[in-house]
Amino acid sequence: MILVFAEHNGGDVDNHSLQTLTFANNLSKEKGLSMEVVSFGDTDVSATVKQYGAAKNHCIKADNLTQYSPEAWAQSLGQLAESTGATLLLASSSVKGNEVLSYVAAQKSLALVSQVLAVGGDSNVTRSSWAGGLLEEVQVSQTLGLYTVADGAIEAQEAPVDSCEVCEFTPTMDDKYFRVQLKRMEASVHEGPNLKTASLVIGGGGGVGSAEGFAPLEKLSEMLKGVVGSSRVATNNGWRVHTQQIGMTGSPIAPKLYIACGISGAIQHMAGCKNCENILAINTDEEAPIFSHADYGIVGDLHKVVPAIIAELEKG
Ligand code: FAD
């Protein structure tokens, strides 16, 4: 049996978990196994997971487990996997999915394979590494396979089943598993289009030089109804907040036009730019790697080029 840890927010199963369910459902058909889901909290997600092929939903509702607590959740998943005889335990390669399954792996002395893209015969697993820049083939020999599925490995696709049995599971818990507990969550306040959905993004990097140096980029973005993003150098320097970082450890972007100002084009930055339709790079160094990714390039000082673009636009 394939057991899938489904993440949800107040009953809303997130898209990455739906992808993971689709991935698990396809795998269950290939391997002739059934697919069951496990979820934490009072809200019943059976109606959703049933649409994605789950024959059973194991709900873990104990009061001390409704709030996120990675080691305790991992202990719960491990016990459930054992009592149901699951041979594969899957989760999304999200922050929570990776964290919880890492604890399952540690608690059971098993290997975890993260960022999985495909599972073939003979327990051969293809995983993504270096933000998709490298594919690895690994072979895992253990009684319980622990995989986290990469975001985008597959598109979420409904495959409804007739019924989804709801079962409550109450694990045996010990205080030692509550070393880490979630105390508070705060959503970032965002107005207007965000980086992930914007059709025009203006990025600033080390070449911008300071927090104040972003003012012309903000002005250009306002004129073109875009969103300002940054490289990690800009966030590391405290010029921009992390939610504005583009790349492997930031947000992926997919605009019609990305104007990259004073950004070198490091692989980790470009990992977030794979879906840009067009890239315009502005850089003083004609050898900067960003030019090998760019559709348009301006070799020049962004502190002169950006104001010049603004001046042209102001002429109407
Ligand atoms: P720099 O390397 O400082 O480059 C500045 C560029 O600006 C240079 O090309 C320079 O020629 C140009 N320049 C200087 N002055 C001007 C000027 N006046 N006008 C025009 N051009 C000018 N980086 C990310 O961005 N996103 C990530 O998500 C990310 N994740 C990472 C994850 C890991 C595990 C690691 C190890 C690194 C990660 N990085 C990430 C960092 C990445 O490797 C680079 O260090 C970073 O992207 C460099 O940022 P930059 O190009 O803005 O700065």
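Begin by selecting Trp130, Leu134 and Met248, which together form a nonpolar patch on the surface with about 310 Å² of accessible area. Patches consist of residues with over 30% relative accessible area and no salt bridge, with like charges joined within 9 Å and nonpolar side chains (Val, Leu, Ile, Met, Phe, Trp, Tyr) within 5 Å. A salt bridge is a side-chain nitrogen of Lys or Arg within 4 Å of a carboxyl oxygen of Asp or Glu. Accessible areas come from the Shrake-Rupley method with a 1.4 Å probe, and for residues only the protein chains shown count as cover.

The model is a predicted one: local features need pLDDT of at least 70, side-chain atom pairs count only at pLDDT 80 or more, and totals for chains, interfaces and linings use all residues. Residues are numbered from 1 along each chain as its sequence is written, and side-chain values use heavy atoms, with hydrogens and water left out.

Next, keep Met248 selected. Met248 sits in the loop between α6 (232–236) and β14 (257–261); helices (H or I, at least four residues) and strands (E, at least two) are DSSP runs, numbered from the N terminus. Met248 counts as partly exposed because its relative accessibility is 40%, where buried means under 20% relative accessible area, exposed over 50%, and partly exposed in between (1.4 Å probe, protein chains only).

Now display the ligand. A polar backbone atom of Met248 is 3.0 Å from an oxygen atom of the ligand. In the side chain of Gln245, an N or O atom is 2.9 Å from an oxygen atom of the ligand. At Thr284, a backbone N or O atom lies 3.3 Å from a nitrogen atom of the ligand. On its own the ligand has 990 Å² of accessible area, of which the protein covers 73%.

Then select the shell of 26 residues around the ligand, among which Ser231, Thr249, Ser264, Gln268 and Asn283 come nearest. At least two shell residues are supplied by each of α6, α7 (267–270), β15 (278–283) and α8 (302–314).

Move on to Ala118, in strand β7 (residues 112–119). Why does Ala118 count as partly exposed? The reason is its relative accessibility of 33%.

Of the 316 residues of the protein, 46% count as buried.

Conventions: A residue is near a molecule or strand if one of its heavy atoms lies within 4 Å of it. A polar contact is a pair of N or O atoms within 3.5 Å; within protein, one must be able to donate a hydrogen and the other to accept it, and residues adjacent in sequence count only if both atoms are side-chain atoms.
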